[in-house]
Amino acid sequence: SGDQCSRIKAEILVFRAHVEFMMMRSHASVKDGLGIILYDTLDEMSIATKDTERNTLEQCWDAIERDARFAIEHLPEPATAAGRVHRYAAVALLARAMLYAERYDKALEAVTVVEGSNLYGYLDDYDSIFKSVDNSEVIWGFAYASGTLTHSFDLNYSMPGDYCLSGSKGGGWAGPTQEFVDAFDRADGTPYTIDGDRFITNENIGGRDPRLACCVLYNGAVWKDRPLECFEGGVDQKYMPYGSVNSPGNTVTGYYMRKLLDESNSDFQLNGSSQCWPEYRYAELELIKAECLAHNGKYDEARVVLSELRKVRFGREDVATAEISSWDSALDAILHERMIELCYEGHRFWDLRRTGRAKAVLDGRKYTGVLWRPSGSGFVAESVPADMGAHRYPDNFDRFPLPQSEISNNTKAKQNADW
């Protein structure tokens with residue numbers, strides 16, 4: 001039927017818009033005024049027409065908006081989507097894309113549509129957001145199924161003391177830095193300042209933003225009914241100075257990720273991993289709303305949006321929220337909240353880049369971790385480097401290059417400046 005055809009077309013277009021958004025995020029060049037290459041039909045992608053100029057930034061954002069709006073009009077409500085993409089997924093995509101396009105009014109309008117559905121809202125338990133796509137915080141996500149459709153997240157990112165029945169163990173691919181841990185506020189919402197309680201333990205973690213315990217594992221934290229041994233000589237941290245070996249197989253910062261790992265998975269080698277991926281979350285849209293309001297000079301309203309999120313996450317009505325009186329102070333507060341709330345979800349680098357802050361935040365930085373050493377019946381902590389040298393963020397990182405294969409294959413595709 002016509003409705004079925006329109007729905008299928010809408011599903012195709014929402015995924016095209018999603019892919020085009022990710023390409024724009026990586027390769028669009030504000031300096032050159034160039035986006036990606038847009039194709040409307042398969043015929044336009046023939047060998048005969050392979051030499052094609054890149055479209056302008058505005059043309060590309062227009063195309064993404066156009067596809068998303070078609071999808072919004074023709075996709076069903078979540079209740080009748082039967083596991084397929086629904087209209088509010090397209091609305092969330094539109095909100096995210098319009099934020100990056102700096103079309104703030106359109107991004108704000110999209111957030112308002114999601115709010116008006118009365119289908120989505122905050123959960124009191126931050127941890128539970130990531131256990132299923134069927135909750136009010138997840139607008140749309142990807143569900144896996146144990147034994148039939150799995151991934152390898154736990155195998156890659158769990159700790160080496162996390163043994164499987166088969167003898168396999170976690171790969172420890174990523175270790176949160178001490179600077180990331182320092183970014184979590186105190187339990188009353190006031191900013192953390194470095195003091196004697198800097199290195200996280202079971203005794204002091206209760207004095208910090210509750211999301212820290214949901215996001216980071218540390219020495220002594222209980223995981224799968226055992227305390228983690230993130231100390232020198234412990235099963236979870238055979239400490240090696242950063243860079244001394246290519247693949248240490250364990251944390252070099254003294255910390256592990258917790259968020260997105262599955263504590264109930266007793267054998268991720270045998271079972272694989274089946275926890276979901278929440279692509280669009282209510283909290284992200286509320287943070288988009290705060291940014292749009294602040295851009296329009298509505299600083300008090302933006303602060304209220306941030307405060308409402310923080311009240312839920314901290315579990316207290318009197319939680320401190322930074323004052324907002326200018327665009328810069330708004331970005332300070334919003335980007336900080338996005339860094340914490342959306343951590344590990346793939347936003348931080350792009351947030352810094354799209355707001356022009358990447359060079360100031362990343363260039364010249366050297367990150368650290370903590371090394372715990374046994375001492376008597378306890379441990380002593382030492383700050384250790386987690387980098388061989390300072391990070392560099394050259395100006396051309398604001399626009400990643402087109403693949404050389406594309407440039408070689410398409411004589412009209414102009415490479416981004418400074419590459």
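Which side chains meet in a salt bridge at 2.8 Å, N to O? They are those of Arg-96 and Glu-284. Arg-96 belongs to helix H3 and Glu-284 to helix H9, which spans residues 282–295, so this pair ties together parts that lie 188 residues apart in sequence. Arg-96 and Glu-284 are both buried. The model described here is a predicted one.

**Salt bridges**

The structure holds 46 salt bridges.

| Pair | N to O distance |
|---|---|
| Arg-96 and Glu-284 | 2.8 Å |
| Arg-313 and Glu-137 | 2.9 Å |
| Asp-209 and Arg-211 | 2.9 Å |

Arg-313 forms its salt bridge with Glu-137. This pair links distant parts of the chain: Arg-313 sits in helix H10, while Glu-137 sits in the loop between H4 and strand S1 (138–142), and the two are 176 residues apart. Both Arg-313 and Glu-137 are buried.

Asp-209 has a relative accessible area of 2%, so it counts as buried. Arg-211 is also classed as buried because its relative accessibility is 1%. Salt bridges that share partners join Asp-209 and Arg-211 into one network with other residues, among them Glu-137, Arg-313, Asp-185 and Lys-259. Arg-281, Arg-310, Glu-337, Glu-341 and Glu-345 also belong to this network.

**Helix packing**

Two packed helices are described by the angle between their axes and the distance between the axes. For H1 and helix H2 (residues 57–74), the axes come within 8 Å and cross at roughly 150 degrees. H1 is therefore roughly antiparallel to H2, since angles over 145 degrees count as such. The crossing of H1 and H2 is left-handed.

Helix H10 (residues 299–314) packs against helix H11 (residues 327–341) at an angle of about 20 degrees, and their axes are 11 Å apart. H10 and H11 are therefore roughly parallel to each other, since angles under 35 degrees fall in that class. The crossing of H10 and H11 is left-handed.

**A surface patch on the nonpolar side**

Which residues form a nonpolar patch on the surface? Val-19, Met-22 and Met-23 do, with about 230 Å² of accessible area together. Val-19 is part of helix H1, which covers residues 2–27. With a relative accessible area of 41%, Val-19 is partly exposed.

**Loop residues**

In Asp-225, phi is about 65 degrees. Asp-225 has its place in the loop between strand S3 (222–223) and strand S4 (226–227). Is Asp-225 buried or exposed? Its relative accessibility is 78%, so Asp-225 counts as exposed.

Asp-363 lies in another loop, between helix H13 (358–362) and strand S7 (368–375). Asp-363 is partly exposed, with a relative accessible area of 28%. Asp-363 and Val-14 are 349 residues apart along the chain, and their C-alpha atoms are separated by 35 Å.

Notes
Residues are numbered from 1 along each chain as its sequence is written. This is a predicted model: local features need pLDDT of at least 70, side-chain atom pairs count only at pLDDT 80 or more; totals for chains, interfaces and linings use all residues. Side-chain values use heavy atoms; hydrogens and water are left out. Patches are made of residues with over 30% relative accessible area and no salt bridge: like charges are joined within 9 Å, nonpolar side chains (Val, Leu, Ile, Met, Phe, Trp, Tyr) within 5 Å. Accessible areas come from the Shrake-Rupley method with a 1.4 Å probe; for residues, only the protein chains shown count as cover. A salt bridge is a side-chain nitrogen of Lys or Arg within 4 Å of a carboxyl oxygen of Asp or Glu. Helices (H or I, at least four residues) and strands (E, at least two) are DSSP runs, numbered from the N terminus. Buried means under 20% relative accessible area, exposed over 50%, partly exposed in between (1.4 Å probe, protein chains only). Axes are lines fitted to C-alpha atoms, for helices over the stretch in contact, and angles run from 0 to 180 degrees between N-to-C directions. Angles under 35 degrees count as roughly parallel, over 145 as roughly antiparallel, 65 to 115 as roughly perpendicular and the rest as oblique. A crossing is left-handed if the near helix is turned anticlockwise from the far one by less than a right angle, and right-handed if clockwise.
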